[in-house]
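Here are a few friendly notes to read alongside the model. Take them one at a time, and keep the structure open as you go.

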Amino acid sequence: ITRQVIGNAVSVVESVMKAGVDLKGQQGIVTETWEKCDVDPTCCCAEQVDPDMAVCVKFTGTAAEDENAVSTFTHYFAEEELDLVQLVVQTPLEIRKA
């Protein structure tokens, strides 16, 4: 089960390469999470879930060889590749909507 919440600030704690740059130590914001359905783990959505790519994180910075090029980019991670930096607090109303 995914423990990350959309909006959480996270840090990459394992070596993960993107466009020739190691993202370890980079911080970003969780924008998407995926998990297998507990009700029907054989449903079509469950077939599309890859636990190694269950959390999408948005970064602001460089993911290219040109360190002066600043941009926004995303990357998908496994849960164990990320560590929580700042938790987003959800209100009971937001939790019910989710």
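1. Let's begin with Ser11. Setting aside neighbours within four places in sequence, Ser11 is in contact with Gly25, Gln26, Gln27, Glu81, Leu82, Asp83 and Val85. Please keep in mind that this is a predicted model. Ser11 sits in strand S1, which covers residues 9–12. Is Ser11 buried or exposed? Its relative accessible area is 14%, and because buried means under 20%, Ser11 counts as buried.

2. Now step back to the whole chain. The protein chain has two helices and seven strands. Reading from the N terminus, the order of elements is β-β-β-β-α-β-β-β-α. Of its 98 residues, 31% count as buried. The accessible surface comes to about 6,600 Å², and carbon and sulfur atoms account for 53% of it.

3. Taking contacts between residues at least 6 apart in sequence, 59% join residues at least 24 apart.

4. Next, have a look at Asp22, which belongs to strand S3 (residues 21–22). With a relative accessible area of 33%, Asp22 is partly exposed, because that class lies between the 20% limit for buried and the 50% limit for exposed. Its C-alpha atom is 9.6 Å from that of Val12, a residue 10 places away along the chain.

5. Which residues does Asp22 touch, leaving aside neighbours within four places in sequence? They are Glu14, Ser15, Val16 and Met17. The side chains of Asp22 and Ser15 are joined by a polar contact of 3.0 Å. A polar atom of the Asp22 side chain also lies 3.2 Å from the backbone nitrogen of Val16.

6. Finally, turn to the aromatic rings. The whole structure holds two aromatic pairs. In the pair of Phe59 and Phe73, the ring centres are 5.1 Å apart and the planes are at 20°, so this pair is stacked. Phe59 lies in strand S5 (residues 55–61) and Phe73 in strand S6 (residues 71–77), so the pair links parts of the chain 14 residues apart. Phe59 counts as buried at 1% relative accessibility, and Phe73 does at 8%.

7. The other pair involves Phe59 and Phe77. Here the ring centres are 6.0 Å apart with planes at 65°, so the pair is edge-to-face. Phe77 is in strand S6, 18 residues from Phe59 in strand S5, and both of these residues are buried. Together, Phe59, Phe73 and Phe77 form one aromatic cluster.

Note on methods:
Residues are numbered from 1 along each chain as its sequence is written. This is a predicted model: local features need pLDDT of at least 70, side-chain atom pairs count only at pLDDT 80 or more; totals for chains, interfaces and linings use all residues. Side-chain values use heavy atoms; hydrogens and water are left out. Helices (H or I, at least four residues) and strands (E, at least two) are DSSP runs, numbered from the N terminus. Buried means under 20% relative accessible area, exposed over 50%, partly exposed in between (1.4 Å probe, protein chains only). Contact means heavy atoms within 4.5 Å. A polar contact is a pair of N or O atoms within 3.5 Å; within protein, one must be able to donate a hydrogen and the other to accept it, and residues adjacent in sequence count only if both atoms are side-chain atoms. Accessible areas come from the Shrake-Rupley method with a 1.4 Å probe; for residues, only the protein chains shown count as cover. Rings of Phe, Tyr and Trp (its six-membered ring) pair if their centres lie within 6.5 Å; planes under 30 degrees apart count as stacked, over 60 as edge-to-face and the rest as tilted.
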